[in-house]
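Here is a walk through one chain, written for someone with the viewer already open. Take a look at the fold before reading on.

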Amino acid sequence: MGIATATGAARAAATPAGTPAATPAGAAAGTPADAAADASAAPRARTSTGTSTGTATPAPRTAPGLADPHCTVEGIDMRTALGSFCTGVALVTASGADGRPAGMAVQSFSSVSLDPPLICFCPAHTSSTWPRIRAAGRFAVNILGADQRDLCGQFAVTGSDKFAGVDWRPGANGAPLIAGVLATVECELADVLDGGDHAIALGRVTALTAHHDGEPLVYFRRSYGRVPH
Ligand SMILES: Cc1cc2nc3c(=O)[nH]c(=O)nc-3n(C[C@H](O)[C@H](O)[C@H](O)COP(=O)(O)O)c2cc1C
């Protein structure tokens with residue numbers, strides 16, 4: 001797949017779904033913090049048990065049963081390896097209990113089941129928007145097109161007015177449907193599973209809309225890109 005990437009707002013941590021997702025609230029992609037994390041991912045001298053032989057480098061944690069000392073499960077190694085999994089990007093939106101719209105950018109969205117129709121996404125426990133989506137009990141997944149990179153960045157900043165200047169209308173379940181997206185998936189929250197530092201939100205699909213067949217916005221190794229269609 002030929003992907004032209006361009007560095008954009010990014011994320012700092014890995015989702016349980018294997019995506020470079022779930023930034024601790026406020027951390028944005030491409031920040032100096034990211035660069036520091038990248039630098040810390042440089043190969044280090046390690047023993048076969050995964051402990052560091054250097055004095056300045058903290059010992060990496062190895063997963064039980066992993067013989068290769070380089071197969072660590074440190075956060076940065078998770079980001080480096082799992083960031084190689086290219087995904088699309090979506091905005092998960094809901095109508096908050098206070099009547100105000102809520103939304104967050106995710107790349108951990110995935111289809112789960114056709115019958116029954118189920119999807120999932122993985123919100124970080126640090127997200128201030130996820131509790132509002134959870135309380136609403138229904139939400140919409142807005143699948144972003146390649147020209148909606150700025151919109152994605154807007155929905156990745158905690159505490160901001162994410163809907164400022166955004167063209168949207170309420171869907172059948174009340175959740176905001178955003179103009180110009182490739183498709184929308186309206187859902188009822190079917191279950192919330194334990195996903196470590198994230199939750200795994202399972203949604204039962206209640207309505208679908210495919211708007212147009214434009215290029216998707218993709219996320220790969222902490223950069224946005226596009227796939228020629
Ligand atoms: C491309 C991209 C993908 C993201 N994917 C996820 C994700 O899958 N899960 C998640 O919890 N946060 C994800 N984030 C981070 C959130 O969008 C955002 O940082 C977070 O929701 C902060 O806002 P909030 O406090 O209003 O929730 C992603 C951010 C970007 C830029």
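Numbering runs from 1 along each chain as its sequence is written.

The score itself, pLDDT, is the predictor's confidence in each residue, from 0 to 100. The chain averages 77, and 69% of the residues score at least 70. Residues 5–55 stay under 50, and for them the model has 124 contacts beyond four places in sequence. Residues 61–66 are also below 50, with 12 contacts in the model beyond near neighbours in sequence. Two residues are in contact if their C-beta atoms, placed from the backbone, lie within 7 Å. Where pLDDT is low, the predicted coordinates should not be read in detail.

## The chain at a glance

There are 4 helices and 13 strands in the chain. Both are DSSP runs numbered from the N terminus: helices are H or I with at least four residues, strands are E with at least two.

Of the 229 residues, 37% are buried. Here buried means 20 or more other C-beta atoms within 10 Å of the residue's own, exposed means 12 or fewer, and partly exposed is in between, with C-beta atoms placed from the backbone. Among contacts between residues at least 6 apart in sequence, 62% join residues at least 24 apart.

In what order do the 7 strands of the open sheet run? The order is 4-3-7-10-11-6-5, and the pairing is antiparallel. Strand 4 (101–106) and strand 5 (110–113) stand at the edges with a single partner strand each, so one side of each has no neighbour in the sheet. From one strand to the next, the twist averages 35 degrees; the axes are lines fitted to C-alpha atoms, for helices over the stretch in contact, with angles from 0 to 180 degrees between N-to-C directions. Two strands count as paired if DSSP finds at least two bridges between them.

Strand 7 (residues 138–143) is largely enclosed by the rest of the structure, because 5 of its 6 residues are buried. Strand 7 pairs with strand 3 (residues 90–95) in the antiparallel sense over 4 bridges, and L91 stands opposite N142 there. Strand 7 also pairs with strand 10 (residues 183–195), again antiparallel, over 6 bridges. In that pairing V185 is the bridge partner of V141.

## The core around V141

A nonpolar core is a set of buried Ala, Val, Leu, Ile, Met, Phe, Trp, Tyr and Cys residues joined through C-beta atoms within 7 Å. The largest one has 37 residues, of which A90, V92, A105, V141, L144 and C152 touch the most other members. Leaving out residues up to four places away in sequence, V141 touches A90, V92, F109, I119, T184, V185 and C187.

Strand 5 runs antiparallel to strand 6 (residues 118–121), joined by 3 bridges, with S113 opposite L118. P116 is in the loop between strand 5 and strand 6. The peptide bond that joins D115 and P116 is cis, with omega about 5 degrees.

S127 counts as buried, with 21 C-beta neighbours inside 10 Å. The C-alpha atoms of S127 and T158 are separated by 7.7 Å, although the two are 31 residues apart along the chain.

G225 is the bridge partner of V218.

Is R221 buried or partly exposed? R221 is partly exposed, with 16 other C-beta atoms within 10 Å. R222, in the loop between strand 12 and strand 13, is buried, with 21 such atoms within 10 Å. Neither is a glycine, yet R221 has a positive phi of about 50 degrees and R222 has one of about 65 degrees.

Terms used: This is a predicted model: local features need pLDDT of at least 70, side-chain atom pairs count only at pLDDT 80 or more; totals for chains, interfaces and linings use all residues.
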